[in-house]
Amino acid sequence: MCSIIGCLHSDSNLDASITLIESMRKMEYRGYDSVGIATLNDNQILLKKGVGRVSVVNQKLSLNDLNGEIGIGHTRWATHGGVTELNAHPHLSAEDKIAVVHNGIIENHLDLKNDLKSHGIIFKSETDTEVIPNLLLSILNKKNEIKSAVIKTVSKLTGQYSFIAMLKNKSLIGVKNHEPLILGLGPDGYVLSSDILGFSKNVNDVIYLDDEQFVIVNSNGYSIYDFKGNPINLTSTKLTKTFETWDKGHYDHFTIKEIHEQTSTILQSGIHSLNEFNTFFNILKNSKRIYITGSGTSYNSALVAKYLFPKIAGMNIEPILSSEMNFFENCFDEHSTLIAISQSGESADVLNAVAFAKERNSRILSIVNTTTSSLVKSSDSFIGLNCGYEVGVAATKSFTSQITILYRLLEKFNPTQKTTSQLNLVVDAISKILNDQKPVIDICNKLKDVDHLYILGRGAHYPIAKEGALKIKELTYIHAEGIAAGELKHGPLALIDNSTYVIMINPKDDSSIYADNISNASEIKSRGAKIIGISNEYDQIYDYWIPLPDVPKIFYPLIEIVPFQLIAYHLSIERGNDPDYPRNLAKSVTVK
Ligand code: F6R
């Protein structure tokens, strides 16, 4: 799960390294534990790589000093081998003849490595990647023809991967096999990238390679083939990316900027997909079984759907974690529909879940932010979140856009729901929370040294408790657990003592739930713990209170996540973390 970039400028006075560094900065969301660049100059491969973010490594090693109009770059999220300079990409073949950057996993790398070792190849890193340049070189040495050497190489690799190889004859080879790779075309030459974000303003048109395809790029042009060697004619599309959005504005971090953007992104969610809401409605109402899938935050949205669908539409929807999909073989056939939720549309688990349902003839509907993503390509219909790029690794605005789309969809089933006309009330409430962050900041002060946090919610507030806990884990590195409030007495209560803080989500949206929660709070208090209540109504049982503005009852889940996003953000800063780039994570998880 990394970003790979390749660049071949048509003008030999333009250095590839400049283009690569700009791309790598924007692609760090895919992995940011180490970076590296290789260029070709005077028939020599020049290489610099190191541990850390692009800005850190660039400052230390001056990556931009590497000359040459052709080059490849990489930002890493370690899968095989620790976070070390040796394991950082690019990796070179024997005799430094081929350099490779790679995203994904070569599952049979140990067998290939042993075989290559038996032929005298020495490996320097612990990565699976290093087999690629060595395998390619050993085949190229025998075949001496690039196209057939690539075909032979990929026939020996197993796994889901994409890679770019730079050869000394000034060509780039880009290979796509179930990991993204896009070819960008522009007046200055060619750029290969994992994501359109990697393209600069000089790329005007793009070609999305399909799986099991590769492209050979050199100064004469480019040729695309499938893994059998058949030439492929793919049409290019205009690049419609807006480059201006890549900016923190007056905020210190993307995360807090994106939390604030929710007052507009909620209103914009799905507005370019009005016809698709009808398509979703028609497909869902004719389906015998409906499942909904996602990972991480997007799965928490799916869990919200589990509570909202029966309540508003009177129908059941079953959430399945994307990574667990394989265990539900009997659910899928031509009578079932799977809704996939994803910010990136590139999460490997989600794509695999969709492929699993598709193979069994189920229909696929997706709710997704990146409308050029692989998920969109695999779907029968999709609704776009339309919340703009989410740069912060922790999902914030995409979550509330996903939930809003669920509400908008439910309005189709039950017009009395009146989502669209009431969303202004929701964003007004969120504005109020954002305009007075003092209650949150005061609580962060109390929480900054705790090791554990428990978050309780019932009904549709339970998924919010899970999502709140996920945000706190990711950004603060504090262990946080979202618990269905009624489950507390069935075990977790054993963890509660007088050093514990428990956050209780308790808006007054249903009197019986409200009263049950207050009873739970009392049980917790009797064990000495402190209660932080998140509610539109104060209760004396709370040691601390984060007030929620009033909204129509059904919409509380949409606003009550915001205090958690703020707690996670402020606590992360309090604890000296970088909220935009939490340790060990990446924005887009493109490995299984
Ligand atoms: C949490 C987070 C992750 C993602 C998950 C799925 O803040 O960002 O848990 O939600 O990796 O990603 P998408 O939605 O891109 O499929």
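1. The largest nonpolar core has 76 residues, and Leu447, Ile472, Ile559 and Ile567 touch the most other members. A core here is a set of buried Ala, Val, Leu, Ile, Met, Phe, Trp, Tyr and Cys residues joined through side-chain atoms within 4.5 Å. Helix H16 (residues 556–574) gives this core its largest share, 11 residues.

2. This is a predicted model, in which local features need pLDDT of at least 70, side-chain atom pairs count only at pLDDT 80 or more, and totals for chains, interfaces and linings use all residues. Residues are numbered from 1 along each chain as its sequence is written, and side-chain values use heavy atoms, with hydrogens and water left out.

3. Beyond its neighbours within four places in sequence, Leu447 is in contact (heavy atoms within 4.5 Å) with Leu453, Ile478, Tyr501, Ile532, Ile567 and Leu571. Another core, of 30 residues, lies apart from the largest one and includes Leu116, Leu136, Phe163 and Val175.

4. Do have a look at helices H8 (residues 296–313) and H14 (residues 461–476): their axes come within 8 Å and cross at roughly 170 degrees. H8 and H14 are therefore roughly antiparallel (an angle over 145 degrees, between N-to-C directions). Among the residues making the contact are Leu303 and Tyr307 of H8 and Ile464 and Leu470 of H14.

5. Lys26 sits in helix H1 (residues 16–27). Lys26 counts as buried because its relative accessibility is 8% (buried means under 20% relative accessible area, with a 1.4 Å probe and protein chains only). A polar atom of the Lys26 side chain lies 3.4 Å from the backbone oxygen of Phe199.

Methods: Axes fitted to C-alpha atoms, helices over the stretch in contact; angles between N-to-C directions. Helix = DSSP H or I, 4+ residues; strand = E, 2+ residues; numbered from the N terminus. Parallel < 35°, antiparallel > 145°, perpendicular 65-115°, else oblique. Buried < 20%, exposed > 50% of the residue type's maximum accessible area, 1.4 Å probe, protein only. Polar contact = N/O pair within 3.5 Å; in protein donor to acceptor, adjacent residues only side chain to side chain.
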